[in-house]
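Here's a quick briefing to read alongside the model. Have the viewer open and follow the topics in order.

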Amino acid sequence: MNISIFLIGFVFFLGGVSVWLLPTFKLGIYLLEWDFLSLKFNFYFNSVLFSFILFLVTFSVLIFSTYYLNSELNFNYYYFVLLIFVGSMFSLNFSNSIFTMLLSWDLLGISSFFLVLFYNNWDSCSGAMNTALTNRLGDYFMFVFFGLSVFSGYYFLSFSMFSSYMSLLLLLTAFTKSAQFPFSSWLPKAMSAPTPVSSLVHSSTLVTAGLILLMNFNNLVLQKNFISFVLIIGLFTMFFSSLASLVEEDLKKVVALSTLSQMGFSMVTLGLGLSFISFIHLVSHALFKSCLFMQVGYIIHCSFGQQDGRNYSNNGNLPNFIQLQMLVTLFCLCGLIFSSGAVSKDFILELFFSNNYMLFFSLMFFVSVFLTFGYSFRLWKSFFLSFNKVMNHYSSTVFMNFLSLALVIFSIGFLWWLNFNLLNVPSLFLYVDFFGPLVFLFMMIFLSFMVLKMLFKELTYKFLVDYLAKNSIYKMKNLKFMDLFLNNINSKGYTLFLSAGIFKNYYMKSLNFNSVVILIFIFFMI
């Protein structure tokens, strides 16, 4: 197991070097080509970048699994199935032929079924069957699509039919795997899997497979007949998943529904025709959502497997670094200033509202984006702002504090670098003209809030109870003190006015003005 982690880390390093140094290369490997049975792999910037992020997330999740599933008897079986899943995801990412795509797509569905089934109780069996049957429906759509494409290659079907009706099958395939509107039920049900599986499978791999499939076929899918369909389905998925996450009590399901909302957001971006921007948002989401799943899993593990948000209490006793990492990932999820979510979200929002006349869909999109803040605050409140129950906690390792630190750093800084180098966004405008006033506005609101809190919370009680009551009794008891108090005020006021007059006279004389001239000027003005 240690050797496999070392090898994964080594390949992750090679992937990072390739992403950093070779952003423009495209490499195709053709191993076998016989009719539709072919082994073709394409290495270009999008696939290599996604594989680099996938390596990073997989490396963190494998280490997290050794902590989270420490005493499990079937750990080797879990590790084997997880590596099969990751390998099939890499194969799907790089594949460029029908055979390799179908093979990796089927392997994804089968290995995710066994991973969700890991605990082997009623809940995990139900979730695994729901996941498997929904994904088999998507496999059927994909098989029919590729079968008809082979028919079209032999001229049994016209190209117009291929590019119109068969594209609908490809869309339905992507909707089943990415859990879009008609097929969304399997994603919250799959949360009965162990949390490391949720962190890897349901944040950065399985749910993104459908979107990656659409991006590979974007020249076929992104036409005027289907692009509005993708946009509306993505909007509706965003909206109802955001609403559902506001009332869900199981906190892992809240995070799963937030994943569903962000998948809908990427689908909306794809529906706008922004394939590469959707991919960038997908990459940044994979980073911070896997980190968020790890933090939530750590808190659930420390609370003895408790997942109901109503039963948490006193989680502030957990290490501060865990709380800080979770807060940063929630900031990235909301798209706050200077995080990776801010770049892609700001760009998508700007392009959505710039030339849009659909009032109903615009309102739905705005409410869905706004509800992101709602369920993020609800998640934070359920964990750290509830003190109604008495529960014990334990924290068994210091290493968990620093495990997802790389994910947090990449969540904050990676897309910043990507924006400066790749996106045609005027970065100075984006970060100075737009975020500068927001920073100052936030500082003004924060300082005003702190001042008001100090005045109303701290000084009110002291003033009313200590100073005002005591001094009013003293003054009423002895009028001599009141007389002295008034005389004191009078003398202070007189000296204030006198010193102000002397200062003004001195200032005017330093500017070579005569006080008589000023008086005559004021008299004529009156």
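Let's start with Asn120, which is exposed, at a relative accessible area of 58% (buried means under 20%, exposed over 50%, partly exposed in between, with a 1.4 Å probe and protein chains only). This is a predicted model, so local features need pLDDT of at least 70 and side-chain atom pairs count only at pLDDT 80 or more, while totals for chains, interfaces and linings use all residues. Residues are numbered from 1 along each chain as its sequence is written, and side-chain values use heavy atoms, with hydrogens and water left out.

**Positive phi in loops**

- Most residues other than glycine have a negative phi, and most peptide bonds are trans.
- Asn120 isn't a glycine, yet its phi is positive, at about 60°.
- You'll find Asn120 in the loop between helix H4 (98–116) and helix H5 (122–153); helices here are DSSP runs of H or I with at least four residues, strands are runs of E with at least two, and both are numbered from the N terminus.
- Ala179 is another residue other than glycine with a positive phi, near 60°.
- Ala179 sits in the loop between helix H6 (159–177) and helix H7 (186–189), and with a relative accessible area of 0% it is buried.

**The chain overall**

- The chain holds 20 helices and two strands.
- Of its 526 residues, 48% are buried.
- Take the contacts (heavy atoms within 4.5 Å) with a separation of 6 or more: 78% of them join residues 24 or more positions apart.

**Confidence**

- Mean pLDDT (the predictor's confidence in each residue, from 0 to 100) is 77 for the chain, and 71% of the residues score at least 70.
- Helix H20 (residues 515–525) has the lowest confidence, at a mean of 60, while H11 has the highest, at 90.

**Aromatic pairs**

- There are 24 aromatic pairs, where rings of Phe, Tyr and Trp (its six-membered ring) pair if their centres lie within 6.5 Å; planes under 30 degrees apart count as stacked, over 60 as edge-to-face and the rest as tilted.
- In one of them, the ring centres of Phe75 and Tyr79 are 5.7 Å apart with planes at 45°, so this pair is tilted.
- Phe75 and Tyr79 are four residues apart in helix H3 (residues 75–94), which puts about one helical turn between them.
- Phe75 is buried at 10% relative accessibility, and Tyr79 is buried too, at 7%.
- For Phe265 and Phe365, the centres are 5.6 Å apart and the planes at 5°, so this pair is stacked.
- Phe265 belongs to helix H11 (residues 251–271) and Phe365 to helix H15 (residues 359–384), so the pair ties together parts 100 residues apart in sequence.
- Both partners are buried: Phe265 has a relative accessible area of 2%, and Phe365 has 0%.
- One aromatic cluster is made up of Phe75, Tyr77, Tyr78, Tyr79, Phe118 and Tyr119.

**Charges over rings**

- The charged end of Lys345 sits over the ring of Phe265, 5.6 Å from its centre; this takes NZ of Lys or CZ of Arg within 6 Å of the ring centre and within 35 degrees of the ring normal.
- Over the ring of Trp105 sits the charged end of Lys177, 4.7 Å from the ring centre.

**Ser266 in H11**

- Ser266 is a residue of helix H11, and at 1% relative accessibility it counts as buried.
- Leaving out residues up to four places away in sequence, Ser266 touches Leu211, Ser278, His281 and Leu282.
- Ser266 and Leu282 are 16 residues apart along the chain, and their C-alpha atoms are separated by 6.7 Å.

- Helix H13 (residues 320–334) has 15 residues, and its end C-alpha atoms are 21 Å apart, which agrees with the 21 Å it should span; the expected span is 1.5 Å times one less than the number of residues.
- Buried residues in H13 include Ile322, Met326, Leu330 and Leu333.
- Just after H13, Gly335 has a positive phi of about 75°.
- Helix H14 (residues 340–354) also has 15 residues and reaches 22 Å from its first C-alpha to its last, close to the expected 21 Å.
- Among the buried residues of H14 are Lys345, Asp346, Phe347 and Phe352.
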